[in-house]
Amino acid sequence: MYHSKLDHFPKDFLWGSASAAYQIEGAWNEDGKGPSVWDKFTKIPGKTFKGTNGDVAVDHYHRYKEDVSLMAEMGLKAYRFSVSWSRIYPSGKGKLNEAGIQFYEDLIDELRKHGIEPIITLYHWDLPQALQDEYGGWESRDIIKDFDNYCITLFERFKNKVKYWVTLNEQNIFIRLGYEEASHPPGVSDRKRMYEANHIANLANAKVIQSFRGIIPDGKIGPSFAYGPAYAYSSNPEDVLAAENAEEFNNHWWLDVYCWGEYPKVAWKHLEQRGLAPTIEQGDMELLKATKPDFMGVNYYQTATLTASPLDEVFGEAKENHDGKKGNFVESGDAGLFKRKRNKSLETTNWDWEIDPVGLRIGLRRITSRYGLPVLVTENGLGEFDKLEENEKIHDDYRIDFIRKHVEQLQAAITDGVDLLGYCTWSFTDLLSWLNGYQKRYGFVYINRNETEEKDMKRMKKKSFYWYKNVIKSNGEEL
């Protein structure tokens, strides 16, 4: 669809940026904070790039005022950040840690003082280790009550200060990588356990939304989903069917539950025939159906291009690219359903992620047409090698180009009819990129540290900082 004239971005559009507690805060054992599963997992040899962890990260815990001051200088309209559950309840439940919750209240107050809308992510992967040890974390229904209690604590404390809330960040990622691929905590490789844990996470998400309604009736809440729209590799109907399979199993499996309280029928039958479908107890589906979100959060990085896969296909072991050396792509998939192919029409990043701005528009339109919900882009950004040059200059024109092309597609999507609330880039400052260390930089603000040296962690504005500042000032008119 081409437009002769594009709609303007809404006047109240939330031009924002985002982060996650474990990736920026540091202070992993300060002021009463308990350990999370990531505090333990990153200490296992060989799990992360050069053994990096978030013990210190980029020291946002001690430097949040400086970071917020930079956000204000940029003119940021919104800042999405996550709360560390084990800062609030060191053991996941029981006694509240007042020092932990006070940190977030101070951060919220600092943001509001500068006119920046706080967007809280309730869970961004850092489960309290105590709950993993006690009952297996997301594999136990006990977590539904404990997660709900933790969230209610935050709702009650910040109900007059925070309007926008994100429940679970990328449930499809932390469940799949944690319980099928064993590359994230708790390091399990068992598809049956993955689907069981995922169902429990769905129930926890729904229960929290239900509680939210009674505490912050005028607020907005929704999950954040890592959406990679599926494309057919060719016009061959078999490839088109493979793409339909991928959309069903990789996207609708989560989105249909969030929005309709139902599992897609084709996927359910396939899993049931193979003994992989999750256990449904009395009241489960009623809870899921009763709690439609106010918006859908979308984390968008790339699309997936699929071809048909025979039932007897055997896939080689996929090699994750954690060092930024191109060429690690290995075909993967699900035998009998689909096989992922490299899309030759698209360039890739140094981490082998395909760059597809139009895919963002496609994804936003699919969500709009299927679910009729407003959308908040909760993450989108480029991880790359940034070079610190003389006079503290960082010329990241490639990041400007990447974000510009995605923002252009946002405007086209709005013109198409998408109800878009805002756009949060990933990320504001550089941070720990989970398994990829510190060399994979996403921020508008360069942090002076690397994998082996914390250095002084000085904050330095990149070229993209000034570019995005102008985008915000012009409300997207000047790209």
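How far is the sulfur of C424 from the closest cysteine sulfur? The sulfur of C424 is 19 Å from that of C259, which is too far for a bond. A disulfide is taken as a pair of cysteine sulfur atoms within 2.5 Å, and a search of the whole structure finds zero of them. C259 is likewise in no disulfide; its nearest cysteine sulfur, that of C151, is 19 Å away. C424 is buried at a relative accessible area of 0%, and C259 is buried at 5%. Buried means under 20% relative accessible area, exposed over 50%, and partly exposed in between (1.4 Å probe, protein chains only).

The model is predicted: local features need pLDDT of at least 70 and side-chain atom pairs count only at pLDDT 80 or more, while totals for chains, interfaces and linings use all residues. Residues are numbered from 1 along each chain as its sequence is written, and side-chain values use heavy atoms, with hydrogens and water left out.

**Overall form**

The protein has 15 helices and 14 strands; helices (H or I, at least four residues) and strands (E, at least two) are DSSP runs numbered from the N terminus. The radius of gyration is 21 Å, close to the 23 Å that the globule rule gives for 479 residues, so the protein is as compact as a globular protein of that length. This radius is taken over C-alpha atoms, and the rule is 2.2 Å times the number of residues to the power 0.38. The C-alpha atoms fill a box of roughly 55 × 55 × 45 Å along the principal axes. Of the 479 residues, 60% count as buried. Among contacts (heavy atoms within 4.5 Å) with a separation of 6 or more, 76% come from residues 24 or more positions apart.

**Helix α15**

In α15 (residues 463-473), the residues S464, F465, W467, Y468, V471 and I472 are buried. They lie on the same side of α15, because they cover an arc of only 165° around the axis, judged by the directions from the helix axis to the C-beta atoms. The buried residues of α15 pack against helices α3 and α14 (397-416), and against strands β1 (14-18), β12 (420-426), β13 (445-447) and β14 (459-461). Just after α15, N475 takes a positive phi of about 50°.

**Salt bridges**

The whole structure holds 40 salt bridges, each a side-chain nitrogen of Lys or Arg within 4 Å of a carboxyl oxygen of Asp or Glu.

| Pair | N to O distance |
|---|---|
| E73 and K461 | 2.7 Å |
| E139 and R193 | 2.7 Å |
| R404 and D401 | 3.9 Å |

E73 in helix α3 and K461 in strand β14 are 388 residues apart, and their pair links distant parts of the chain. E73 is partly exposed at 34%, and K461 is partly exposed at 27%. R404 and D401 are three residues apart in helix α14, and therefore separated by about one helical turn. R404 is partly exposed at 26%, as is D401 at 31%. A network of salt bridges links D386, D396, R399, D430, R441 and K462.

**K47**

K47 is found in the loop between α2 (37-41) and α3 (60-74). At 30% relative accessibility, K47 counts as partly exposed. Leaving aside neighbours within four places in sequence, K47 is in contact with F41, A182 and L435. K47 and G187 are 140 residues apart in sequence, and their C-alpha atoms are 9.9 Å apart in space.
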